[in-house]
Amino acid sequence: MNDTLEVALRLLAVFVIFLVLPLVIGQTEHKVMAHMQGRLGPMYAGGFHGWAQLVADGVKFAQKEDVVPANADRRVFQLAPAVALLPYLLVLVAIPIGPDNAVGEAIDAGIFFVLAVMGVGVLGSLMAGWASANKFSLLGGLRTAAQLLAYELPMLLTAASVAMAAGTVSLPGMLDAFEWWWVPWQIVGGVVFFVAGLAELQRPPFDAPVADSEIIFGAYTEYTGLRFALFLLAEYAGIVVLSGLTAVLFLGGWHGPFADELGWLWTLLKTLALAFVVIWLRATYPRLREDQLQKLAWTVLIPLALAQIALTGVVKVAIS
Amino acid sequence: MTYVTDVPEMAVAPAGGPPGHGAVPAADTPTQWAAAYFDGYSTVGLLAVVGVLFLTVAFVGGRLLRPVVPTPEKLLTYECGVDPVGEGWAHTQVRYYVYAFLYVIFAVDSIFLFPWATVFAEPGFGGTTLVEMFVFLGFLTVGLLYAWKKGVLEWT
């Protein structure tokens with residue numbers, strides 16, 4: 001059965017990407033942040049510049065005792081990491097990496113599917129925040145909810161702007177319609193999308209929900225061992241998904257010189273470059289206060305996103 | 001608008017296309033259309049199963065590897081090393097229900113942007129839909145300005 005084999009291969013590829021790229025980005029973060037701060041970072045694990053540090057971390061996490069507080073809502077507490085992690089695996093299947101149907105599965109309503117499923121990931125943090133029965137976790141959960149409310153919207157609006165430009169909601173379809181001048185045309189939307197995505201992933205400088213120095217990692221305070229590791233994996237898988245999506249929607253995905261042969265490489269390079277920016281921002285900017293977070297979303301990002309939609313609509317009607 | 005790739009042959013069979021006709025038409029009856037459409041999601045479902053299996057293996061494997069030595073102190077809720085005061089599920093005044101309202105209004109509105117986005121620049125729509133778009137954006141902007149004026153978007 002050729003079809004069965006093909007589907008199996010595609011799923012395997014998606015799964016391997018899901019397991020490998022987050023680790024690559026995590027290791028890069030260790031090394032890049034270290035060098036930006038005048039340190040060396042991990043140097044011992046695996047021999048060459050500590051390349052196996054995250055593997056060692058994983059082995060360590062797997063052997064740690066799994067503590068569920070006596071007061072916690074046991075089932076929800078245990079399930080939360082799975083809810084946080086799975087959506088990012090499912091999103092990866094819809095992101096095209098090359099021309100000619102080089103995608104896990106071409107979903108008609110791709111952009112819609114991707115945004116809807118990404119939203120589910122945040123539910124994991126909310127479940128963890130409530131089920132822990134811990135004051136820090138509850139605060140973290142509340143902050144997560146507030147952040148989701150504020151930043152989901154600019155993300156939706158700017159994604160809709162790209163759908164307008166392409167005249168389709170299918171991700172491979174958008175890339176087929178892509179022209180180079182879309183990059184300057186959609187650049188404001190791209191920045192808004194990327195920033196809102198960072199906030200949704202709770203990455204610095206938008207990490208008030210997990211702020212380790214004030215609310216002890218928020219929703220994850222009570223987590224240990226494997227379950228904590230899964231939350232970390234979800235964060236880095238989230239970076240992969242956000243960078244990949246931004247590359248596909250706003251930077252032309254596989255488009256570039258020799259796209260027919262090297263399309264996948266362009267997607268990978270753009271994704272990794274954006275992931276580098278995510279790391280860079282963490283090393284550069286201090287954490288935003290909760291009110292500054294809300295202000296940025298409602299008074300800057302949303303008006304900008306609306307302006308981008310107006311611009312996209314006018315230009316698109318003018319040229320067609 | 002549709003971006004169906006390689007589905008028709010596979011999809012027609014289980015959907016049971018129109019019976020009694022010799023030649024099978026390309027997916028143009030509603031049933032076949034739906035079958036072709038949902039075929040893509042069966043792969044997604046399969047991947048979800050793979051993901052659940054992965055997590056199950058991880059959890060079961062973890063259970064075999066790790067020690068289980070619970071003590072009452074270990075199972076105590078963490079509160080900076082002192083005994084927890086009161087209970088964790090504290091009642092809080094949810095002051096930002098206003099944002100929840102704002103969010104729901106905006107999000108439901110923007111969902112309608114997506115189907116509209118696929119057709120708005122087609123021949124025969126052009127100028128009219130553009131006016132509609134500005135009316136839509138106008139509503140959102142007025143809502144945002146109202147919230148702003150009400151002081152909802154001020155924090156001190």
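Guide: Helix 10 of chain A gives the most to the lining of the largest pocket, with nine residues, where helices (H or I, at least four residues) are DSSP runs numbered from the N terminus. A pocket here is an open set of points on a 1 Å grid over the protein atoms alone, where a 1.4 Å probe fits, with protein on both sides within 12 Å along at least five of seven lines, and lining residues have an atom within 4 Å of a point. This is a predicted model, in which local features need pLDDT of at least 70, side-chain atom pairs count only at pLDDT 80 or more, and totals for chains, interfaces and linings use all residues. Residues are numbered from 1 along each chain as its sequence is written, chains are lettered from A and ligands numbered from 1 in the order written, and side-chain values use heavy atoms, without hydrogens and water.

The largest pocket has a volume of about 1,400 Å³, the space filled by probe spheres set on grid points joined across faces, edges and corners. Its lining counts 47 residues, and A:Ala229, A:Phe231, A:Leu232, A:Leu233 and A:Tyr236 lie nearest the centre. Among the elements that each supply at least two lining residues are helix 1 (2-36) and helix 4 (110-131) of chain A, and helix 2 of chain B.

That helix 2 (residues 30-65) has the highest mean pLDDT among the elements of chain B, 84, pLDDT being the predictor's confidence in each residue, from 0 to 100. Chain B itself averages a pLDDT of 73, while over its residues 1-25 pLDDT stays under 50. Where pLDDT is low, the predicted coordinates should not be read in detail.

Definitions and conventions: Contact = heavy atoms within 4.5 Å.
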